[in-house]
Amino acid sequence: MATNSARLLALLGMMQRIRAFEETAMAGHAAGEVPGPLHPSIGQEAVAAGVCANLRIDDRLTSNHRGHGHALAKGADAARMMLELYGRAGGSCGGKGGSMHIADFSVGMLGANGVVSGGIPIAVGAAQGLQMLGSDAIVCCMFGDGAINRGPFLEGLNWAALYRLPVLFVCEDNGVAAFTATASVTAGAGVAARAESLGVPATSVDGNDAAAVDAATAALVGAVRAGSGPRLLHARTYRLTGHTSTDAAGWRAADEVAAARDNDPITRLEAVLRAEGVAQATLDALRADALREMAALRATAHVAPWPDAATAFADVIGENA
Amino acid sequence: MPNVTLAEATRLAVLQEMRRDPRIWVLGEDVARGGLFGQYRGFLEEFGERRIVSTPISESTIMGAGLGAALVGTRPIIEMRIFDFVMCAMDELVNQIAKIRYMFGGQARPAVVVRMPHGIWRNSAAQHSQMLEGWFAHLPGVIVCCPSTPADAAATMVAAIRSDDPVLVFDPKNLWGATGDIADDIAPLEFGRARHARHGDALTMVSWSACMPLAEEAADALAAQGISVDLLDLRTLAPWDADAVLASARRTGRLLVAHEAVTTAGFGAEIVAHVAERVAVRATRVGFPSVPIPFSPPLEAALRVDAAKIVSAARGLLAT
Ligand SMILES: Cc1ncc(C[n+]2csc(CCOP(=O)(O)OP(=O)(O)O)c2C)c(N)n1
Ligand SMILES: [Mg+2]
C-alpha cells in the first residue's frame, strides 16, 4: 500500500472512532444514561483528525464545547472520556467536568471549554510559556466560527502575532453558531481576512476533505514550529446534527441537509481510498471496529462506579486531605 | 530593610522571588516601564523583555494568557493595573482560572498571582476606586489577600508567588506610600491568619486593606476614651481567620467590622453572620453606602469610611 494510502487510512480510522464515539454517546444520552448535554461534531471529523495528525504528543491543544473529536484525535483515552461523559469515577476529570470539560494533560490536551472563545487566551499564554521555557512544542487552538465575534479572538490573534508565538489557530467553520447562521451576524470578509488584518497568515481549506486538511495543516505546523509566528487554518465544514444532543435540528432546510449528507467527510475519504485500490472490506472493518470499541466502552461506563461523594471536596484549593 | 513604602516592599518581594526562580515572570500593561506605581521599577533591565512583558490593553488575554502559561509550567504574575479593569477579564478569572483545577479533576494547578491595586485613591471616581474583594471571597477556587502594611504586603507577595493555587492580591492603592520595616529575607505570609493589631476587651474590631489604618486610628481614639479595642487585621479574606475573630468576639461580646467596600453584601456581612451563628454577640458594620463612588472631594468624603465613623459606630455598639 502506498504511504499516502496508509496515512489516509489512519485518518479514516480516527474519523470513524470519533463518529462511533459520538453516535454511541448520543445513544447513551437518548437512553438516559449520559447526564447533561452533548455537542456532537458528527460531520466535522476530518478537521479534528486532519489537524491533530500533524501534532506531537507534547504539542498542546485547547478546544471548545464541541471537542470530543479534538480530544480523541490528540490521543486522549476514549475509555476515560466515555466514563467522564457518564460522570463516573474513572473519567478523564473524575466526573467533575463532563462532556464540555474534557481535558487530558497527559497527551497535551489542555481542555475543552464551555465558554465560546475561552480557549484562545489560554492557548496564546501556553505558547508564550513554551517559548519562554525554550521548548519547540507548539499550541493548537480550536474554535468555531461563532468565536470570531468575541473579543478574545481579536486580542488573542493580535497577541500571538505581536510576540510571534507558536500557535496554530484553527477555525472550524460549520456555518452556524448554535441556531444562527454565522454569516447573518458577521460583518466583513470572514475569519481569514480578520486574521490577515492582524498579521496572522491564514489558509482556507475544504474541511470535509481530510487529505486537504492534513496537507494544509502540515504546511502551517511546519511554519509555526520553525518560529515564523502564528498561523490560522480556516476549515469549512458542516455539522450534520443539531447544536446539542437534544436538538433534532428540524429547523434546517431539507435540501441543505441532504447536500451535506452527500458531502460527508467519511464517505468522501472512503471514495478516495477505494480509488486508490483499498478494498471495501478494509474500509468497512474500520467502522465496525470503531463501533465495537465504543459499544464496549459504553457498556463498561454504564455500570462503572460513581465517584465517592468525598471527592466533591477535593481539588478546590490547597492540598487535598 | 527599615522604613520602606508599601509599594517598595512589594517590589523587593517580587524581586527576591524572581531572582530565586527563573519561571516567574510578569505580564501587564506598562510593566516594562516599572508599572503604574513603580512596583516593577528596574525589572526590565534585570530580567529582560521575556520576563517583564508589557502587553496590549487586552485584559481578557492578560488574564487568560497568564493561565495558559501556568499550565505549561511557568509562574506568571498577572498585573491588572487597576482593580476595576478586571471586569474585562472576568471570564478568564472566574470561569477559567478559578475552575480549571476542580473541573479537570486535579490535572492542573494554575499557579498564577493576580495583582489588582484597589480602593479609593486621589479622587479617581466610580470606575477606578472600587473595593469588590467580597465578590472574590465568594468565589471557590481562589485565595484572596488584602494586606495593609509594608511587611504584610511583602510577605503576601512571596506567599502568593510560591503558592500553587491562584492568589488574588488586592494592593491597597491608598497605602502605597505607607512606610514600615520589612525583613531582608522576606518570608511568606501564612494565608488565613489575622494580625492582632491592638489588644483589648471592650469590643472586637475587624478590618483589612486601606480601612485598617482608619480602624487603628479609631481604636486609639477609643482607647483615649477608656475603651479598649481588640483589633484584628484579617490580611486574607479567603481563607479568613474565623478562629481568631470568634475567640475575640467570645471575650468581648461586641463585634464591629469596618471595610471600605459597600456595606450591603460586603464581606463584613459574612463575618457577622459566621460569628452570630456561633457566639452571642452584638454586631455592627461600617462601610460605604450603596452608591457609586462620586468624584467631587466633599461628596466622596461624605460617603467614605473614616475613623470618626468607626468611633461613632463603636460607641453605638457599646451603648446597646
Ligand atoms: C461566551 C459564550 N456565549 C454563549 C455561549 C452559548 N453557546 C454555546 S455554543 C454556541 C455556539 C458557538 O458557535 P461556534 O463557535 O461556531 O461553534 P459550533 O457550536 O458551531 O461548533 C453558543 C452561542 C457560550 N457557551 N459562551
Ligand atoms: Mg459554528
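In the predicted model, B:Ser209 sits in the loop that runs between strand 10 (203-207) and helix 8 (212-224) of chain B. Its phi is near 50°, a positive value in a residue other than glycine. Most residues other than glycine have a negative phi. B:Ser209 is buried, with a relative accessible area of 4%. B:Asp30 also has a positive phi, of about 60°, and is not a glycine. This residue is found in the loop between strand 2 (24-28) and helix 2 (43-47) of chain B. B:Asp30 counts as partly exposed, at 34% relative accessibility.

A backbone feature of another kind occurs at B:Pro239. The peptide bond joining B:Ala238 and B:Pro239 is cis, with omega about 0°. Most peptide bonds are trans. B:Pro239 is placed in the loop between strand 12 (236-238) and helix 9 (242-252) of chain B.

B:Ser296 belongs to the loop between strand 14 (282-288) and helix 11 (297-303) of chain B. The residue is partly exposed, and its relative accessible area is 28%. B:Ser296 and B:Val311 are 15 residues apart in sequence. Their C-alpha atoms are 25 Å apart in space.

Cysteines were examined next. Over all chains, the structure holds 0 disulfides. B:Cys145 is in no disulfide, and the nearest cysteine sulfur, that of B:Cys146, is 7.5 Å away. A disulfide requires the two sulfur atoms to be within 2.5 Å. B:Cys145 is buried, with a relative accessible area of 0%. For B:Cys211, the closest cysteine sulfur is again in B:Cys146, at 11 Å, and is therefore too far for a bond. B:Cys211 counts as buried at 1% relative accessibility.

Chain A supplies the protein donors of the magnesium ion (ligand 2). These are A:Asp145 through OD, A:Asn174 through OD1 and A:Val176 through O. In sequence, the donor residues follow the spacing D-x28-N-x1-V. A:Asp145 lies in the loop between strand 2 (139-144) and helix 6 (151-162) of chain A, and A:Val176 in strand 4 (residues 176-177) of chain A, so the pair ties together parts that are 31 residues apart in sequence. A:Asp145 and A:Val176 are both buried.

Ligand 1 has 15 residues around it. Those that come nearest are A:His65, A:Arg66, A:Gly146, A:Asn174 and A:Val176. By class, the shell around ligand 1 has 6 nonpolar, 6 polar and 3 charged residues. Several polar contacts reach the protein backbone. A nitrogen atom of ligand 1 is 2.9 Å from a polar backbone atom of A:Gly114. A nitrogen atom of the ligand is also 3.0 Å from a polar backbone atom of A:Val116. At A:Ala147, a polar backbone atom is 3.4 Å from an oxygen atom of ligand 1. Taken alone, ligand 1 exposes 580 Å², and the protein buries 73% of that area.

How values were computed
Residues are numbered from 1 along each chain as its sequence is written. Chains are lettered from A and ligands numbered from 1 in the order in which they are written. This is a predicted model: local features need pLDDT of at least 70, side-chain atom pairs count only at pLDDT 80 or more; totals for chains, interfaces and linings use all residues. Side-chain values use heavy atoms; hydrogens and water are left out. Donors are N, O and S atoms within 2.8 Å of the metal (3.2 Å for Na, K and Ca); water is not among the atoms, so sites may look incomplete. Helices (H or I, at least four residues) and strands (E, at least two) are DSSP runs, numbered from the N terminus. Buried means under 20% relative accessible area, exposed over 50%, partly exposed in between (1.4 Å probe, protein chains only). A residue is near a molecule or strand if one of its heavy atoms lies within 4 Å of it. A polar contact is a pair of N or O atoms within 3.5 Å; within protein, one must be able to donate a hydrogen and the other to accept it, and residues adjacent in sequence count only if both atoms are side-chain atoms. Accessible areas come from the Shrake-Rupley method with a 1.4 Å probe; for residues, only the protein chains shown count as cover. Ala, Val, Leu, Ile, Met, Phe, Trp, Tyr, Cys and Pro count as nonpolar, Asp, Glu, Lys and Arg as charged, and the others, Gly among them, as polar.
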